[in-house]
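Please examine the sequence and the three-dimensional model shown below. The explanation that follows is meant to be read with both in view.

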Amino acid sequence: MEAKTKDLWVFIETNEDGSPKNVGIELLTPGRMIADKQGGELVAIVIGNNVGVAVKEATEHDADRIISVEGEEYQTYSTDAYTKAICTLVEKYGPTSMLIGATNNGRDLGPRVSCRLKTGLTADCTALDVDEETGNVAWTRPAFGGNLMATIQCPNHRPQIGTVRPGVFKKSIASEGHAVSIRENIAIDPSEIRTKVLEVLRDVEGGDVDLEGAEIIVSGGRGVGGPEGFDTIKALADVLGATVGASRAAVDSGWISHAHQVGQTGKTVGPKLYIACGISGAIQHLAGMSGSDCVVAINKDADAPIFDVADYGLVGNLFEVLPILVEEIKKARA
Ligand code: FAD
């Protein structure tokens with residue numbers, strides 16, 4: 001379809017209580033930049049039930065306009081209801097581009113919407129810009145196992161759609177905001193929703209691991225040597241009030257659950273402090289943590305590539321270094 005405007009849309013996914021998921025608010029940051037470069041408005045699309053908080057947060061984080069669709073049928077995510085709502089809005093307003101958070105639901109919604117609208121989607125982007133020559137969004141994402149970064153454009157179809165993982169961008173500083181809010185009624189007949197949520201089960205192991213929102217992360221890799229090695233990682237995490245992360249090597253070895261994995265096939269994180277212990281620094285791991293403000297690496301190999309991205313490096317055995325750090329932190333706090 002043809003775009004009717006130069007507007008950029010950000011889909012703000014909501015929780016069951018109507019509050020926004022962080023990633024939607026984070027995406028307003030690159031959304032602002034793209035909308036400005038493309039000469040359009042930054043529009044937040046909020047779908048859910050009782051979405052007042054989500055609308056307020058989108059306003060505070062720079063949206064020019066907010067279009068909300070509310071109702072009990074939208075309280076729990078369903079592919080059918082959300083796809084219909086977004087496609088109806090796109091056909092009415094005709095945005096030129098759309099950003100969706102690569103959460104489980106976003107990864108389901110994005111491809112379905114792009115297929116229905118017969119347009120392209122670039123999944124799991126790690127950087128966004130606007131191509132100066134063509135004016136298209138330049139979607140950058142890892143390719144060939146993360147060994148290459150590919151920049152993709154969608155020249156012939158609109159809207160251009162991309163998904164971006166949580167934690168890749170940071171929220172802008174909140175301000176009073178100036179957004180105009182519009183409410184759209186898009187009724188869904190229950191028969192249109194072909195799946196029914198019977199029960200929501202919490203993932204007991206790892207369900208509470210919030211790596212994307214963590215301010216401090218202590219991560220362990222193959223160098224921790226086994227599942228019991230993570231006790232040493234946890235001891236440091238406990239004194240720092242940090243969340244435990246892991247490399248894929250540690251996860252694949254079965255030492256810790258996948259919910260803790262940082263990297264290309266794990267979570268993308270952006271803490272204030274990231275402490276990598278016994279992690280070599282493979283490109284796929286760096287893809288998930290290079291947005292950290294400060295990186296500390298502890299590794300017994302002075303030539304480990306992790307030291308290339310570290311702000312502070314400690315060459316040594318983590319089982320000797322970490323207990324000393326824990327003691328010193330405790331002493332400093334006493
Ligand atoms: P290693 O590379 O084996 O490094 C272990 C390090 O520990 C070494 O540097 C060693 O010197 C150090 N060490 C050993 N003992 C000690 C000690 N006692 N004290 C201090 N240091 C010690 N990886 C990820 O992490 N996340 C991903 O999401 C991810 N996705 C991938 C996707 C694809 C498609 C592919 C192909 C790979 C992916 N990988 C990912 C795997 C990645 O390529 C590496 O294999 C992995 O990151 C290595 O983990 P590691 O650093 O823990 O292990």
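This is a predicted model: local features need pLDDT of at least 70, side-chain atom pairs count only at pLDDT 80 or more; totals for chains, interfaces and linings use all residues.

Residues are numbered from 1 along each chain as its sequence is written, and side-chain values use heavy atoms, with hydrogens and water left out.

How many residues surround the ligand? The shell has 26 residues, and the closest are Arg222, Ser247, Thr265, Ser280 and Gln284. A residue is counted as near a molecule or strand if one of its heavy atoms lies within 4 Å of it. By class, the shell consists of 16 polar, six nonpolar and four charged residues. In this classification Ala, Val, Leu, Ile, Met, Phe, Trp, Tyr, Cys and Pro are nonpolar, Asp, Glu, Lys and Arg are charged, and the others, Gly among them, are polar. Three helices each supply at least two residues of this shell: helix H6 (248–252), helix H7 (283–289) and helix H9 (318–333). Helices (H or I, at least four residues) and strands (E, at least two) are DSSP runs, numbered from the N terminus.

An oxygen atom of the ligand lies 2.7 Å from a polar side-chain atom of Gln284. A nitrogen atom of the ligand is 3.0 Å from an N or O atom in the side chain of Asn317, and a nitrogen atom of the ligand is 3.1 Å from a polar backbone atom of Lys300. Taken alone, the ligand exposes 990 Å², of which the protein buries 77%. Accessible areas come from the Shrake-Rupley method with a 1.4 Å probe, and for residues only the protein chains shown count as cover.

The ligand sits in the second largest pocket. A pocket is defined on a 1 Å grid over the protein atoms alone: it is an open set of points with protein on both sides within 12 Å along at least five of seven lines, whereas a cavity is a set of points where a 1.4 Å probe fits but cannot get out; lining residues have an atom within 4 Å of a point. A molecule sits in a cavity or pocket if more than half of its atoms lie within 2 Å of its grid points.

Attention now turns to buried residues. Buried means under 20% relative accessible area, exposed means over 50%, and partly exposed lies in between (1.4 Å probe, protein chains only). Thr140 belongs to strand E7 (residues 137–143) and counts as buried because its relative accessibility is 13%. Its side chain makes a polar contact of 2.9 Å with the side chain of Thr151. A polar contact is a pair of N or O atoms within 3.5 Å; within protein, one must be able to donate a hydrogen and the other to accept it, and residues adjacent in sequence count only if both atoms are side-chain atoms. Gln160, in strand E9, is buried because its relative accessibility is 0%. The side chains of Gln160 and Ser97 are joined by a polar contact of 3.5 Å.

Tyr82 lies in helix H3 (residues 79–93), and its relative accessible area of 2% makes it buried. Although Tyr82 and Val113 are 31 residues apart in sequence, their C-alpha atoms are 8.9 Å apart in space. Leu99 is found in strand E4 (residues 97–101) and is buried, with a relative accessible area of 0%.

The loops complete the account. Pro159 is in the loop between strand E8 (148–152) and strand E9 (160–164), and the peptide bond from Arg158 to Pro159 is cis, with omega near -5 degrees. Asn50, in the loop between strand E2 (42–48) and helix H2 (52–60), is not a glycine but has a positive phi of about 55 degrees. Is Asn50 buried or exposed? Asn50 is exposed because its relative accessible area is 56%. Lys118 is in the loop between helix H4 (104–116) and strand E5 (121–125); it is not a glycine, yet its phi is positive, at about 55 degrees. At 65% relative accessibility, Lys118 is exposed.
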